[in-house]
Amino acid sequence: MDARPDLFDPLEERRALEDTESKIAISGHPLHAMLVTFPIALSFSTLGGDLLYLWTGNSFWSHVSAYAVFGAFAMGVLAGITGTAELLMVRGIRNRSASWTHFILAVMLLSLIGMNWIIRIGDPDGAVLPVGLALSLVMAAMTALTGWHGGKLVFDYQIGTRTSGSGRP
């Protein structure tokens with residue numbers, strides 16, 4: 001006969017958002033944060049190589065772009081695995097909509113990087129114009145957007161960091 005809705009304790013809900021410490025870490029240093037630097041740098045290197053190829057016509061730069069985009073994809077997969085594990089394992093990360101936005105953007109970016117790598121296999125020179133350069137430009141923009149969202153998670157929500165001073169000298 002009692003039709004009262006289930007009530008949630010607001011303090012308990014707040015505690016669920018405070019559990020943000022990284023579970024995939026080495027000595028307290030989150031692996032995802034360490035790994036993402038490589039695909040970020042290599043994505044911009046791909047664009048730089050494409051622009052230098054366009055400017056100089058030297059096939060060295062198209063090959064640099066091909067290797068850079070391969071490295072961006074390989075390291076992006078590793079960073080994606082660690083980031084996905086963090087998302088699924090840590091309640092305070094999983095409960096934030098901003099985490100899911102970052103995840104979706106990162107999956108889209110990794111798909112673009114993979115596509116850019118695939119078109120360059122076998123003919124790095126021919127792949128640069130127009131599709132390779134266009135993908136590199138979109139990749140750079142998506143990298144900046146995805147990185148901004150990732151930074152927001154770390155700096156605004158303290159995702160992946162210790163919330164207390166325990167374990168520190």
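**Figure 1. Gln158, in the segment that follows helix α7.** In this predicted model, local features need pLDDT of at least 70 and side-chain atom pairs count only at pLDDT 80 or more, while totals for chains, interfaces and linings use all residues. Residues are numbered from 1 along each chain as its sequence is written, and side-chain values use heavy atoms, with hydrogens and water left out. Helices here are DSSP runs of H or I with at least four residues, strands are runs of E with at least two, and both are numbered from the N terminus. Gln158 isn't a glycine, yet it has a positive phi of about 60°, and this comes just after α7. Most residues other than glycine have a negative phi. With a relative accessible area of 40%, Gln158 is partly exposed (buried is under 20%, exposed is over 50%, partly exposed is in between, using a 1.4 Å probe and protein chains only).

**Figure 2. Ser27, another non-glycine residue with a positive phi.** Here phi is about 50°. Ser27 sits in the loop between β1 (25-26) and β2 (29-30). At 70% relative accessibility, Ser27 counts as exposed.

**Figure 3. The kink in helix α7.** Take the 34 residues of α7 (residues 124-157): as a straight helix they would span 50 Å at 1.5 Å a residue, but the end C-alpha atoms are only 41 Å apart (the expected span is 1.5 Å times one less than the number of residues). The kink is about 60° and is centred on Pro130; a bend at a residue is the angle between axes fitted to the seven residues ending there and the seven starting there. Pro130 itself is part of α7, and the peptide bond joining Leu129 to Pro130 is cis, with omega about -5°. Most peptide bonds are trans.

**Figure 4. Helix α6 against helix α7.** α6 (residues 97-120) packs on α7 at an angle of about 160°, the axes being 9 Å apart. That makes the two helices roughly antiparallel (angles over 145 degrees count as roughly antiparallel, under 35 as roughly parallel, 65 to 115 as roughly perpendicular and the rest as oblique). The axes are lines fitted to C-alpha atoms over the stretch in contact, and angles run from 0 to 180 degrees between N-to-C directions. The crossing of α6 past α7 is left-handed, as the near helix is turned anticlockwise from the far one by less than a right angle. Ala127 belongs to α7 and is buried at 7% relative accessibility. From Ala127 to Asn116, 11 residues away along the chain, the C-alpha separation is 8.7 Å.

**Figure 5. Leu35 and Gly76, 41 residues apart in sequence.** In space, their C-alpha atoms are 7.8 Å apart. Leu35 is found in helix α2 (residues 31-35) and counts as buried, at 17% relative accessibility.

**Figure 6. Stretches listed by UniProt as "transmembrane region".** The unreviewed entry gives residues 33-55, 67-88, 100-121 and 127-148; such annotations may be inferred rather than shown by experiment, feature names are shortened, and positions follow the numbering used here. In the model, residues 67-88 are 100% helix and 0% strand, with end C-alpha atoms 32 Å apart. Residues 100-121 come out at 95% helix and 0% strand, with an end-to-end C-alpha distance of 32 Å. For context, the protein has seven helices and two strands, in the order α-β-β-α-α-α-α-α-α, and 34% of its 169 residues count as buried.
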